[in-house]
Amino acid sequence: MGVKLGILGLGTVGTGTVQLLQEQTGRNPLLQEVEIYRVGVRSLDKSRAVELPKDVITTDLEAIVNDPTVDIVVEVMGGLEPARSLILKALRNGKHVVTANKAAIARFGDEIFTTANQAGVYVLLEAAVGGGIPVIQPLKQSLSVNRIHAVTGIVNGTTNYILTRMQTEGSNFNDVLVDAQRLGYAEADPTADVDGLDAADKISILASLAFGGRIHLQDVYCEGIRQVSKTDIAYAEKLGFVIKLLAIAKLHSSDTSKLSVRVHPTLVPKAHPLASINGVYNAILVEGEPIGQVMFFGPGAGAGATASAVSSDILNLVATLKTSTANLNPLLACSHQDYCQIAPIAEVVTRFYTRFLTRDQPGVIGKLGTCFGNYDVSLESVVQTGFQGELAEIVVVTHDVREGDFRQALAEIQTLEAIDSIPSLLRVL
Ligand code: HSE
């Protein structure tokens, strides 16, 4: 029997999730167990990017969370109410919940998780922090054997986009904000993002997972980026820093029974792994013992990325529902038996860097070019860099070529009287 989903909301995230679940080729076969049973929307009249049977779509969201046949409620409507009440009702009705709602979890996590524990069901929230970046599950599972010292993140794409543009263009905050709004990178009301509130919600969730305790959101110190000026960015640059809005949760330096949880613009040394995270991307650096440093990087928002995170939670719950004493957990067991087809290296398409030592005589570069051309190898650059003794040193970088064609060209080149040797051959990314 399939696992029945009741999805609350068909905005960007809901639509992305439905699309992912409807287009299953190449994805985990366990998704075939999922049935999109009900989708709750505000209005039936809106045109949609996904096709769903008429009887699946409803405006009665209460009916979804009260429907005894629904196994998992996927809350992707956002906002505080009615999201909170619907999540709580679903949990009390014994349904597992998947949510992308960082604002609701950061404010009502205590109530939501207490209710879930009492009902014996799960609330999964991979999409709530870092969009498509898997960071919740790693903190709950793979990294949980470590003693975590610090979690430091760039967890808001809007502010990272604005700061990156201020840095690269030398522009003012206000000018970039207006342009970001025009381009759709910032909301019409940008408060939650630029004042650091969205990042505060997210770091309170990460802190809770990393340090194993609940966090009162009001204890999270929060400063946004409105006061960051282009002058500060220019001085920071001269001093070897970039300015990033960091969300930080770490053990307090003088009393490790306490945490420091904060969001503020921060000068980050250029060599630090978070310094090169630019544009709308997010990254979360986790530091602990004995692991050292691990960094998660990726798209922090967007339909596809967030749908990936929501669907991975759904998959986890499907695996849980399918696991019994008779069945292994399909996500932990190896469930495939067939071998993958691997393309031989000759069929790989890549760029090449090659260094030739040749006699210094007329026409050598021409002959090289002709041989490459004979085998469909297109060159990106050819430079004669100097001499090694009597021999000229010629470096060639190709465009993307089939390795087999490149090797044939090289074999022909090796027969040329002018070629002494080919000391280096490297692939270029
Ligand atoms: N508004 C968020 C950001 C995206 O700019 O990162 C969703 O969490």
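Student: In which strand is Lys 4 found, and is Lys 4 buried or exposed?

Tutor: In this predicted model, Lys 4 is found in strand β1. A residue counts as buried when its relative accessible area is under 20%. Lys 4 has a value of 17%, so Lys 4 is classed as buried.

Student: Which side chain does Lys 4 contact?

Tutor: The general idea comes before the case. Side chains of opposite charge can pair when their charged atoms come close. Here a polar contact of 3.3 Å joins the side chains of Lys 4 and Glu 35. The pair also qualifies as a salt bridge, with the closest N and O atoms 3.3 Å apart. Glu 35 is partly exposed, at a relative accessible area of 31%, whereas Lys 4 is buried.

Student: How many salt bridges does a search of the whole structure find?

Tutor: The search finds 23 salt bridges. Two further pairs can be read in the manner just described. One of the salt bridges is formed by Glu 62 and Lys 89, whose closest N and O atoms are 3.0 Å apart. Glu 62 belongs to helix α2 (residues 61-66) and Lys 89 to helix α3 (residues 83-92), so the pair ties together parts that are 27 residues apart in sequence. Glu 62 is partly exposed, with a relative accessible area of 35%, and Lys 89 is partly exposed at 30%.

Student: Which strands hold Arg 351 and Glu 380?

Tutor: The side chains of Arg 351 and Glu 380 meet in a salt bridge, with an N to O distance of 2.9 Å. Arg 351 is in strand β13 (residues 349-358) and Glu 380 in strand β14 (residues 379-388), so the pair ties together parts that are 29 residues apart in sequence. Arg 351 counts as partly exposed at 21% relative accessibility, and Glu 380 counts as partly exposed at 40%.

Student: Which residues are linked in a network of salt bridges?

Tutor: A network is read as a set of linked residues. In this structure, Arg 165, Glu 169, Asp 179 and Arg 182 are linked by salt bridges in such a network.

Student: Which residues surround the ligand?

Tutor: One begins with the residues of the shell and then turns to individual contacts. The shell consists of Lys 102, Val 155, Asn 156, Gly 157, Thr 158, Asp 193, Asp 198, Lys 202 and Ala 301. By class, these residues divide into two nonpolar, three polar and four charged. Helices α6 (157-169) and α9 (197-211) each supply at least two residues of this shell.

Student: Where do N or O atoms of Lys 102, Gly 157 and Lys 202 lie relative to oxygen atoms of the ligand?

Tutor: For Lys 102, a side-chain N or O atom is 2.8 Å from an oxygen atom of the ligand. For Gly 157, a backbone N or O atom lies 2.6 Å from an oxygen atom of the ligand. For Lys 202, a side-chain N or O atom is 2.7 Å from an oxygen atom of the ligand. Taken alone, the ligand exposes 260 Å², and the protein buries 79% of that area.

Student: Which residues make the nonpolar surface patch?

Tutor: Leu 183, Tyr 185, Val 280, Tyr 281, Met 295 and Phe 297 make a nonpolar surface patch of about 530 Å². One of these residues, Tyr 281, is found in strand β11 (residues 281-289). Tyr 281 is partly exposed, with a relative accessible area of 38%.

Student: In which helix does Asn 374 lie, and which side chain does it contact?

Tutor: Asn 374 lies in helix α12 (residues 364-374). A polar contact of 3.3 Å joins the side chains of Asn 374 and Glu 412. The C-alpha atoms of Asn 374 and Ala 409 are separated by 7.2 Å, although these residues are 35 residues apart along the chain.

Student: How many helices and strands does the protein chain have?

Tutor: The chain has 13 helices and 17 strands. Its C-alpha trace spans about 85 × 55 × 50 Å along its principal axes. Of the 429 residues of the protein chain, 46% count as buried.

Key
Residues numbered from 1 in each chain as written. Predicted model: local features only at pLDDT ≥ 70, side-chain atom pairs only at ≥ 80, totals over all residues. Heavy atoms only, no water. Patch = residues over 30% accessible without salt bridge, like charges linked within 9 Å, V, L, I, M, F, W, Y side chains within 5 Å. Areas by Shrake-Rupley, 256 points an atom, 1.4 Å probe, with all protein chains shown as cover. Salt bridge = Lys/Arg side-chain N within 4 Å of Asp/Glu carboxyl O. Helix = DSSP H or I, 4+ residues; strand = E, 2+ residues; numbered from the N terminus. Buried < 20%, exposed > 50% of the residue type's maximum accessible area, 1.4 Å probe, protein only. Near = heavy atom within 4 Å. Polar contact = N/O pair within 3.5 Å; in protein donor to acceptor, adjacent residues only side chain to side chain. Nonpolar A, V, L, I, M, F, W, Y, C, P; charged D, E, K, R; others polar.
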